Amino acid sequence: MKTAVNTKKGVLVKFYPNFEMVRVGVVEVETEDDNLKKYRELINADMIDIARFDDEFDIVVDDEGLLVEGNPVFDIQTQYGRIQLAGNLLFLKKEIDEDGVSLVGMETEEAFELMTKLEVKMNVIGVTRGL
């Protein structure tokens, strides 16, 4: 018998090179299991890194995004300063407890609020050339 899986939302920023367009949308993420595989699939990455966005949200990013030809390069104004990240991005809510930081997803309303915030805090500034 399968156990119920708790799903929350994340905000995925995905680049479509054939159409030269970036789309920002809400995706479902499981909060019960090991999510690393799902995160890698969503952003199309072999290895991931986590960047801080603000006190409430973190960004899952391709650790090798700068090495992949044709990835978008984003300039993002975070609470901590400007950062540049390459590749698709997954924004998730974080929860801090005595064990550390966990990425837990968010409710739909929070996802739409974050998408509105990203309109003024994030820009595409280029495309990677790869190695």
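Visitor: Which side chain meets Lys94 in a salt bridge?

Guide: Keep in mind that this is a predicted model. The general idea: side chains of opposite charge can pair when their charged atoms come close. Here, the side chain of Asp58 meets Lys94, at 3.0 Å from N to O. The pair links distant parts of the chain, with Asp58 in strand S4 and Lys94 in strand S7, 36 residues apart.

Visitor: Is Asp58 buried or exposed?

Guide: Buried means under 20% relative accessible area. Asp58 has 5%, so it is buried. Lys94 counts as buried too, at 13%.

Visitor: How many salt bridges are there?

Guide: The count comes to 7. One of them joins Glu28 and Lys9, whose closest N and O atoms are 3.1 Å apart. Glu28 lies in strand S2 and Lys9 in strand S1, so this pair ties together parts that are 19 residues apart in sequence. Another is between Asp54 and Lys117, at 3.3 Å from N to O. Asp54 is in the loop between S3 and S4, while Lys117 is in helix H2, so parts 63 residues apart in sequence are tied together. Asp54 is buried, with a relative accessible area of 9%, whereas Lys117 is partly exposed at 30%. There's also a network of salt bridges that links Glu56, Lys93 and Glu110.

Visitor: Now the helix. Which residues of H1 are buried?

Guide: In H1, the buried ones are Tyr39, Leu42 and Ile43. They cover an arc of only 85° around the axis, which puts them on the same side of H1. Lys37 and Glu41 are exposed on the other side.

Visitor: What do the buried residues of H1 pack against?

Guide: Quite a list of strands: S1, S2, S3, S4, S7 and S8.

Visitor: One more. Which residues form a nonpolar patch on the surface?

Guide: Tyr16, Phe19 and Met21, with about 300 Å² of accessible area together. Met21 is in strand S2 and is partly exposed, at 32% relative accessible area.

Notes: Residues are numbered from 1 along each chain as its sequence is written. This is a predicted model: local features need pLDDT of at least 70, side-chain atom pairs count only at pLDDT 80 or more; totals for chains, interfaces and linings use all residues. Side-chain values use heavy atoms; hydrogens and water are left out. Patches are made of residues with over 30% relative accessible area and no salt bridge: like charges are joined within 9 Å, nonpolar side chains (Val, Leu, Ile, Met, Phe, Trp, Tyr) within 5 Å. Accessible areas come from the Shrake-Rupley method with a 1.4 Å probe; for residues, only the protein chains shown count as cover. A salt bridge is a side-chain nitrogen of Lys or Arg within 4 Å of a carboxyl oxygen of Asp or Glu. Helices (H or I, at least four residues) and strands (E, at least two) are DSSP runs, numbered from the N terminus. Buried means under 20% relative accessible area, exposed over 50%, partly exposed in between (1.4 Å probe, protein chains only). The arc is that of the directions from the helix axis to the C-beta atoms. Contact means heavy atoms within 4.5 Å.
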